[in-house]
Amino acid sequence: MAADNIIEIKNLKVHYPIRTGVTRRIVGHVRAVDGVSFSIKRGSTMALVGESGCGKSTTGRAIINLTPKTSGEVFFDGKDVYSNSREEMRRLRPRMQIIFQDPYSALSPRLPIGTLIGEAVREHNIVPLEQYEAYLDKVMSDCGLQPYYKQRYPHEFSGGQRQRICIARAVALNPEFIVCDEPVSALDVSIQAQVINLLMDLQKEYQLTYLFISHDLSVVEHISNYVAVMYLGNIVEYGRTADIFSHPSHPYTQALFSAIPLPDPEAKMNRIILSGALPSPANPPTGCKFHTRCQKAMPECSKEMPPETAIIGDENHYCICHLCGKGK
């Protein structure tokens, strides 16, 4: 594992069994994540993008061992996450946190937010007891929350404020890595900008590394350093944000990016409309999984899984497509 990588994933798979009948016999598997490999540099933000159901959230949860893996390796700071004992995993938890998509269901309605944010701080002894209140006030202030909110309950806050509470709860444990699972998708556009800017400010102050899961490509372009495009459980393209946005190489990436709305109402959009429906992850197509919807599909696409190919002129930009291998 490279010294500057905080996360390194090798051939990660998460399959869910399909059971039927009285005996609950396994008749197949849903391949939510089907062989994903990537790394995240310390202090950077990597965005994981793709349409709903492609396995983004499952990948994020599997990295921090909230969802058990089926196979593969997940390394955090040089050590395999899944080789830890129960006690070692408990000590590791504060260093890896997650911000959930829905701030409404992520917070218990029965506890005041001071308890919600500070409960894990006390459990893991992040600061001495005499510094607890001052530390909690600082974290809340850093996240745009007034310290006197501590006695209020989640139902007394707006959606944007609730997401700030979720962010404060994650940051309070002084983590090194945070999975941001579509943290702004449930918010209004004006509030989205505030939360994104907050995440970027916290990254600088606390030296954080993010895995930013999203389907909003405008947000991704603003916050991320690297982008991985996911389709039906596999990464199809990976590279620096500027390279991916200026030169999308995979046909699926090109179709995704063609749907980004333009600020000019008179500008013409060259939309790429994908034919057919998204295949079932329980019975994915052979070869390249995208070939059933790809306008550029070739005979070999349905037979062979394409290799990972570096884009000419950029050693950090990879595309998993037969066309990329042919230089097209």
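Guide: Strand 10 (residues 234–240) is mostly covered, with six of its seven residues buried; buried denotes under 20% relative accessible area, exposed over 50% and partly exposed in between, for a 1.4 Å probe and protein chains only. The model is predicted, so local features need pLDDT of at least 70 and side-chain atom pairs count only at pLDDT 80 or more, while totals for chains, interfaces and linings use all residues. Residues are numbered from 1 along each chain as its sequence is written, and side-chain values use heavy atoms, with hydrogens and water left out. Helices (H or I, at least four residues) and strands (E, at least two) are DSSP runs, numbered from the N terminus.

Strand 10 pairs with strand 9 (residues 226–231) in the antiparallel sense over six bridges; two strands pair if DSSP finds at least two bridges between them. Within this pairing, Tyr-238 of strand 10 is the bridge partner of Ala-228. The hairpin of strand 9 and strand 10 has two residues between the strands, and Leu-232 takes a positive phi near 50 degrees there. Strand 10 is also joined by two bridges to strand 12 (residues 318–320), and these two strands run antiparallel. Here Tyr-238 stands opposite Tyr-318 of strand 12.

Elsewhere, four strands form an open sheet in the order 2-1-4-5, with antiparallel pairing. Strand 2 (25–41) and strand 5 (79–80) stand at the edges with a single partner strand each, so one side of each lacks a neighbour in the sheet. Strand 5 is paired with strand 4 (residues 71–76) over two bridges, in the antiparallel sense, and Lys-79 of strand 5 has Phe-76 opposite. Helix 1 (residues 56–63) lies across strand 1 (5–20), strand 2 and strand 4, and runs at about 115 degrees to strand 1. Axes are lines fitted to C-alpha atoms, for helices over the stretch in contact, and angles run from 0 to 180 degrees between N-to-C directions.

Among the helices, the axes of helix 3 (residues 113–123) and helix 5 (residues 159–171) come within 8 Å and cross at roughly 25 degrees. Helix 3 and helix 5 are therefore roughly parallel, a term for angles under 35 degrees. Ile-113, Leu-116 and Ile-117 of helix 3 make the contact with Ile-165, Ala-168 and Arg-169 of helix 5, where contact means heavy atoms within 4.5 Å.

Note on methods. Angles under 35 degrees count as roughly parallel, over 145 as roughly antiparallel, 65 to 115 as roughly perpendicular and the rest as oblique.
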